[in-house]
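Reader: I am new to this structure and would like to learn how to read its salt bridges. Could you walk me through them?

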Amino acid sequence: MEPGDPKPKPEFSHRPGGATQTWLVLSSTYSLPGHILSNIFTFYGENVFSEPGGHRFWWHTLALVCRKWKVVIGIYRSHFLDELRFGGDSTTQFLMNISNRGGDSVTSRLRRWHLLPLHLHYDLIQPSLSAKEDENDILVLLQHLERIYFLALRVPLSTWKSIAAAASDRPLSCTSIEHIYLVTENRTTGFVLPSTFLAGYSPRLRTLTMIGVFPLSLPSLLLLPIHLTTFFLDGIPDSSHLPPEALLTYLGLMPQLRYLNIGFLSSVPNPRGGGRRPALGLLDRVVLSNLTWFYFHGVSAYLEALVTLLDAPHVHKIHFVLFHQLRYAIPRLSAFLRRTKRYGFDGIRIHFDPQGAMISAVPAFSPSTEEKLFIWLPCNRLDFQVASVAQVCRALRPNFANMEDLFIKYHQSQLLAEWHGEVEPALWSELLAQFLGMKTLWLSSALVSEVTQAIRSSAQQLLEEMPIFAWVIVEVQEDGASVAAVQSLSDLLIEIRHSGGPVIELYRLFPDMWNQCKLPPG
């Protein structure tokens, strides 16, 4: 009801127990002015949707059910928005639709809302989303870096080349930017951006993710990364673009870092000019007290240099992919794991696959299934896989104290035909020798024959280094070959026992129980 409107006359209705005065408004419906509505609903949103479960654009739901409210949003848009969004994500499209601004050009929107920070989220990888107009818009928007606070570009290599060609030749202010996500269609692109791209002062930067593209001038981008919580670089051409001592220097400036991902494409550095690198001994030890996730993909020598002066006492998920090499020397990695004070394992899992071998373990007292050590050794030959796993486990052996279970798995129930007899029994023996004193060996059905031959060839060694395993738990398939292989292992263990060797109990489990790592009751 507007001021000055006549007051409706009261009417009386008779009800049991007395008369009740009621108001009958017979005039037409009144609408509050837009500026009053905006204040009312802003108060509503701040109080209702500030509770847990509320969302940032609380007025979305109102715009969907109230025609008047949709008009108010279009008129008083700056009253509700704290950013100006560009891109193809669903939230951006929704905001464009409800404000009837879908046909506006980027330039006109930048001019109209000249005080709002910019949120860019473009994905041009999918063919259905790819458009030359979007690429042109990106080039225009990147000229306003001083207003961008969120930058997410997932674009093909051709677009990155256009961006590089249009990059300013002078550093631009990036004082507003907080999140950077730069991705191309393939991490192996190895595309290096010009030194002036995103160069400048970025004191508010919290997230830096670059996959398949890499800046030539990382120091300028990380001039003051004290608020950085996510540092994700994958697809770095080689170590010459990011030497370990340079990375340690950057990490020392990131006290809030929680997520670290470093991934290289090549194990062979490509020497470039720039003088001698500083020795690691001249650097201070770096302690990342907030780091919880550590991912590395590269050569083991780089990882060794990195963890020499790195401490992450609270890290709970470690994922390493080490380039294949004939020899792994990683004593400093073992020491780094011991310094975390979390990685005392209750068991270790070794999984062989046509593409490589995986070593994984869960801490003995883990509050979450997410806490895990994961090492992947890519290689397509089983004998190389077994030899590599044996070397890595030998280096990590000091971390295996009090471990009880060893799982040796294969990705399917039967060994590939070309892998039969490929591994010398001595290699299997070398692998098993890293776990002497463990209580239980869990063995996949596909590997029973291979391991049986290894034990038979080194029976004398087993007698000399007792005890080995108290139990061997094998997976048994229903086919005759699997049953025969398990029986052969059983006969061998009985023979060892009769020769004065250790008493090793053999349990047979069908795949469902074996995969659950459960022994039958009794």
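Predicted model: local features only at pLDDT ≥ 70, side-chain atom pairs only at ≥ 80, totals over all residues.

Reader: How many salt bridges does a search of the whole structure find?

Author: The search finds nine. A pair counts when a side-chain nitrogen of Lys or Arg is within 4 Å of a carboxyl oxygen of Asp or Glu. Take Arg206 and Glu178: their side chains meet at 3.3 Å, N to O. Arg206 sits in the loop between β7 and β8, and Glu178 in the loop between α8 and β6, so the bridge ties together parts 28 residues apart in sequence.

Reader: Which residues are linked in a network with that pair?

Author: Arg204 joins Glu178 and Arg206 in a network of salt bridges.

Reader: Is Glu178 buried or exposed?

Author: Buried means under 20% relative accessible area. Glu178 has 14%, so it counts as buried, while Arg206, at 37%, is partly exposed.

Reader: Where do the partners Asp311 and Arg285 lie?

Author: Their side chains also form a salt bridge, at 3.3 Å from N to O. Asp311 belongs to strand β14 and Arg285 to the loop between β11 and β12, 26 residues apart. Asp311 is buried at 15%, and Arg285 is partly exposed at 42%.

Reader: What does Arg394 form with Glu430?

Author: A salt bridge, with the closest N and O atoms 2.4 Å apart. Arg394 is in helix α13 and Glu430 in helix α14, so this pair ties together parts 36 residues apart in sequence. Arg394 is partly exposed at 39%, and Glu430 is partly exposed at 32%.

Definitions and conventions. Residues numbered from 1 in each chain as written. Heavy atoms only, no water. Helix = DSSP H or I, 4+ residues; strand = E, 2+ residues; numbered from the N terminus. Buried < 20%, exposed > 50% of the residue type's maximum accessible area, 1.4 Å probe, protein only.
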